[in-house]
Amino acid sequence: MFRKWLKPVERCRACGQDWSLARADDIPAYIAILLTGHILAPLIIYLAGDLEMRPLVAGALVLPLATAMVIAGLQPIKGAVIAMQWWLGMQGFHKERRGS
């Protein structure tokens, strides 16, 4: 679905679907940050509270992990947002399915 890391292809090679209408904008980044924060919050609480780890050491552990999680999640989340737009007929896509 992507020709570059976050750039979708113009058309699907298999079915000819036009993906140039996809406009995910900033929502994938918001979702990636939200998920990362919710996943890492218990770890941060554990490191700071139960282990009584110094804030600088905890930050040195958590910040690279958070950065990696956000970067790794951007492409799949953007694909999911574009798929949702297509499925719901949003942003110029047309519902090509029968109603259920």
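A helix, as the term is used here, is a DSSP run of H or I covering at least four residues, and helices are numbered from the N terminus. The structure described below is a predicted model. Helix α1 spans residues 27-50 and contains Ile39, while helix α2 spans residues 55-88. This briefing covers the nonpolar cores, a surface patch and the cysteines.

**The largest nonpolar core**

- Ten residues make up the largest nonpolar core: Trp19, Ala22, Ala24, Ala32, Val70, Leu74, Ile77, Val81, Ile82 and Phe93.
- Helix α2 is the greatest contributor to this core, supplying five residues.
- Leu74, a member of this core, is in contact with Trp5, Leu6, Pro28, Ala29 and Ala32 when neighbours within four places in sequence are set aside.
- One of these contacts of Leu74, Ala32, is likewise listed in the largest core.

- Val62 lies in helix α2.
- With a relative accessible area of 8%, Val62 counts as buried, because the limit for that class is under 20%.
- Apart from residues up to four places away in sequence, Val62 touches Leu40, Leu43, Ile44 and Leu47.
- Val62 and Ile44 stand 18 residues apart along the chain, and their C-alpha atoms are separated by 7.3 Å.

**A nonpolar patch on the surface**

- Ile27, Tyr30, Ile31, Leu35 and Ile39 form a nonpolar patch on the surface.
- Together, these five residues have about 470 Å² of accessible area.
- Ile39, which belongs to this patch, is found in helix α1.
- The relative accessible area of Ile39 is 53%, so this residue is classed as exposed, the cut-off being over 50%.

**The cysteines**

- A disulfide is a covalent bond between the sulfur atoms of two cysteines.
- How many disulfides does the structure hold? The number is zero.
- The closest cysteine sulfur to that of Cys12 belongs to Cys15, at 3.6 Å, which is too far for a bond.
- From the side of Cys15, the closest cysteine sulfur is in Cys12, again at 3.6 Å.
- Cys12 is partly exposed, with a relative accessible area of 25%, whereas Cys15 is exposed, with a value of 59%.

Methods
Residues numbered from 1 in each chain as written. Predicted model: local features only at pLDDT ≥ 70, side-chain atom pairs only at ≥ 80, totals over all residues. Heavy atoms only, no water. Disulfide = S-S within 2.5 Å. Buried < 20%, exposed > 50% of the residue type's maximum accessible area, 1.4 Å probe, protein only. Patch = residues over 30% accessible without salt bridge, like charges linked within 9 Å, V, L, I, M, F, W, Y side chains within 5 Å. Areas by Shrake-Rupley, 256 points an atom, 1.4 Å probe, with all protein chains shown as cover. Salt bridge = Lys/Arg side-chain N within 4 Å of Asp/Glu carboxyl O. Helix = DSSP H or I, 4+ residues; strand = E, 2+ residues; numbered from the N terminus. Core = buried A, V, L, I, M, F, W, Y, C linked by side-chain atoms within 4.5 Å. Contact = heavy atoms within 4.5 Å.
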